[in-house]
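I opened my notebook to get to know this structure step by step. Here is what I looked up, in the order that I wrote it down.

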Amino acid sequence: MAHGINVALIGYTLAPDATLDDIVAEIHAGIDFLAGQLPALGAAAEGIVVSGWSAGGHLTLMALSNAHVRAGMAISGIYDLEPIRHSYLNEKLKLDEAASRRNSPMMAEGGTAKPLSLVVGSAELPLLRKQTADFAGHRARYGLPVTYEEIAGADHFSIMNQMLAPQGRITTLIRQLFERTASS
């Protein structure tokens, strides 16, 4: 907000009260609603830059296909849900193979050509670092716009300090997404 970027937070129903398909649909409905409110809020109608951390990093990728989204910043997310499906976390998510594949951006051939920044901390769990790097490579293989960065010393929680600070690295990357996708 220190840079004139309007911020809105979209909530969603948590598993097991909602399936992952339901959660993704709620995110899209929230974006659609917000897009309709932009003029009344005094915000530019050029599209929304989405961002999310952890589970929200995954939802950021799922939201990129929304027509109102112009770019995304995914922080410390999971982009291939198969390891989740085979772990204790699936007790809440209740993913079957089809739902896992449908909601795993890594499993999709190609993707949207909207700019995406992927960020992870160097002190994150190895799985998060690997999935982030692998997904950056996946997008690059399809010629899709992507940047990838590991923030030195940041773990799963301290990485968010880079968004809280007006001069933080994530804040800077978000500003760059707005600049790169601005209408001429």
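**Entry 1: K94.** I started with K94, which is exposed because its relative accessible area is 60%. For this term I used a 1.4 Å probe and protein chains only: exposed is over 50%, buried is under 20%, and partly exposed is in between. I found K94 in the loop between α4 (90-93) and α5 (97-102). Its phi is near 55°, a positive value in a residue other than glycine.

**Entry 2: ground rules.** I noted that the model is predicted, that local features need pLDDT of at least 70 and side-chain atom pairs pLDDT 80 or more, while totals for chains, interfaces and linings use all residues. Residues are numbered from 1 along each chain as its sequence is written, and side-chain values use heavy atoms, with hydrogens and water left out.

**Entry 3: the whole chain.** I counted 8 helices and 4 strands in the protein chain. These are DSSP runs numbered from the N terminus, helices being H or I with at least four residues and strands E with at least two. From the N terminus on, I read the order as α-β-α-β-α-α-α-β-α-β-α-α. The radius of gyration is 16 Å, close to the 16 Å of the globule rule for 184 residues, so the chain is as compact as a globular protein of that length. That radius is taken over C-alpha atoms, and the rule is 2.2 Å times the number of residues to the power 0.38. I also saw that buried residues make up 45% of the 184 residues.

**Entry 4: S54.** I placed S54 in the loop between β1 (48-53) and α2 (55-63). S54 has a positive phi of about 65°, although it is not a glycine.

**Entry 5: P16.** I looked at the segment before α1 (20-41) and found P16 there. The peptide bond from A15 to P16 is cis, with omega near 10°.

**Entry 6: T181.** I ended in the segment after α8 (169-180), where T181 lies. T181 is buried, with a relative accessible area of 19%. Which residues does T181 contact, leaving aside its neighbours within four places in sequence? I listed R70, A71 and P115, with contact meaning heavy atoms within 4.5 Å. The side chains of T181 and R70 are joined by a polar contact of 2.7 Å. A polar contact is a pair of N or O atoms within 3.5 Å; within protein, one must be able to donate a hydrogen and the other to accept it, and residues adjacent in sequence count only if both atoms are side-chain atoms.
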